[in-house]
Amino acid sequence: MQARYVILRVLLETGEGLVSVKETIGEDGKPDLEISLDRSKIDTVGRKAIGNFLRKLQVYKATADVESGTALYNRYSAVNEDWLRYRNIVLARKQPRPMFVQANTILKSDLSDVELVEYSASAEGIVESFSQRFPQYDSQLESLWKSQ
């Protein structure tokens with residue numbers, strides 16, 4: 001996460017309208033953030049900014065200038081009050097990750113058709129899908145699991 005934050009800070013510092021972060025109020029009346037990225041400038045402005053930053057770091061590394069390299073990296077990775085506020089906004093709006101549950105196909109008893117069985121996108125749906133996909137009991141697998 002820290003490296004991504006440093007890259008964002010490097011891109012923000014370049015200016016030229018490549019990346020911008022703006023505090024707004026969402027439709028629900030709560031604080032929100034709007035992050036803009038001008039894709040047309042990635043190959044020119046963005047590449048040059050990241051290249052310059054990495055070149056500086058590499059020079060410090062190659063010359064064993066630990067103090068300067070650390071100072072450069074720490075300057076970009078420092079988190080000020082604005083960024084702490086942005087973090088709190090992001091955490092307040094964080095949503096749970098979606099669960100992707102694999103559907104099963106079942107051959108009907110008269111062998112005439114295939115039925116698609118879908119499950120809810122939850123932990124229960126994952127367990128149900130797995131148990132219907134592999135209904136047989138495997139004593140060897142259970143003994144291996146218990147031995148672990």
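## Ground rules

Residues are counted from 1 along each chain as its sequence is written. Since this is a predicted model, local features need pLDDT of at least 70 and side-chain atom pairs count only at pLDDT 80 or more, while totals for chains, interfaces and linings use all residues; side-chain values use heavy atoms, with hydrogens and water left out.

## Helix 4

Helix 4 covers residues 81-92; helices here are DSSP runs of H or I with at least four residues, strands are E runs of at least two, and both are numbered from the N terminus. Its twelve residues should span 16 Å at 1.5 Å a residue, and the end C-alpha atoms are 17 Å apart, which agrees. (The expected span is 1.5 Å times one less than the number of residues.) At the start of the helix, a side-chain oxygen of N80 comes to within 3.1 Å of the backbone nitrogen of D82.

Which residues of helix 4 are buried? They are W83, Y86 and I89, where buried means under 20% relative accessible area, exposed over 50% and partly exposed in between, using a 1.4 Å probe and protein chains only. These three cover an arc of only 115° around the axis, so they sit on the same side of helix 4; the arc is that of the directions from the helix axis to the C-beta atoms. The buried residues pack against helix 1, strand 1 and strand 2 (31-37), with contact meaning heavy atoms within 4.5 Å. Over on the other side of helix 4, E81 and A92 are exposed.

## Aromatic rings

A search of the whole structure turns up four aromatic pairs. Rings of Phe, Tyr and Trp (its six-membered ring) pair if their centres lie within 6.5 Å; planes under 30 degrees apart are stacked, over 60 edge-to-face, and the rest tilted. One of the pairs is W83 with Y86, edge-to-face at 5.1 Å centre to centre and 85° between the planes. These two sit three residues apart in helix 4, about one turn, and both are buried. Ring pairs also bring in Y5, linking Y5, W83 and Y86 into a cluster.

F130 and F134 make a tilted pair, with 4.8 Å between centres and 55° between planes. Here F130 is exposed, at 54% relative accessible area, and F134 is partly exposed at 41%. There's a charge-on-ring arrangement too: the charged end of R75 sits over the ring of Y76, 4.5 Å from its centre. (That label needs NZ of Lys or CZ of Arg within 6 Å of the ring centre and within 35 degrees of the ring normal.)

## Positive phi in two loops

E16 isn't a glycine, yet has a positive phi of about 55°. It lies in the loop between helix 1 (2-14) and strand 1 (19-25), and E16 is exposed at 57% relative accessibility.

A64, also not a glycine, has a positive phi near 60°. Its loop runs between helix 2 (42-62) and helix 3 (66-77), and A64 counts as exposed at 59%.

Is N104 buried or exposed? At 5% relative accessibility, N104 is buried, and its place is in strand 3 (residues 104-107). A polar contact of 2.7 Å joins its side chain to that of Y119. (A polar contact is a pair of N or O atoms within 3.5 Å; within protein, one must be able to donate a hydrogen and the other to accept it, and residues adjacent in sequence count only if both atoms are side-chain atoms.) Leaving aside neighbours within four places in sequence, N104 touches E115, L116, V117, Y119, S129, Q132 and R133.
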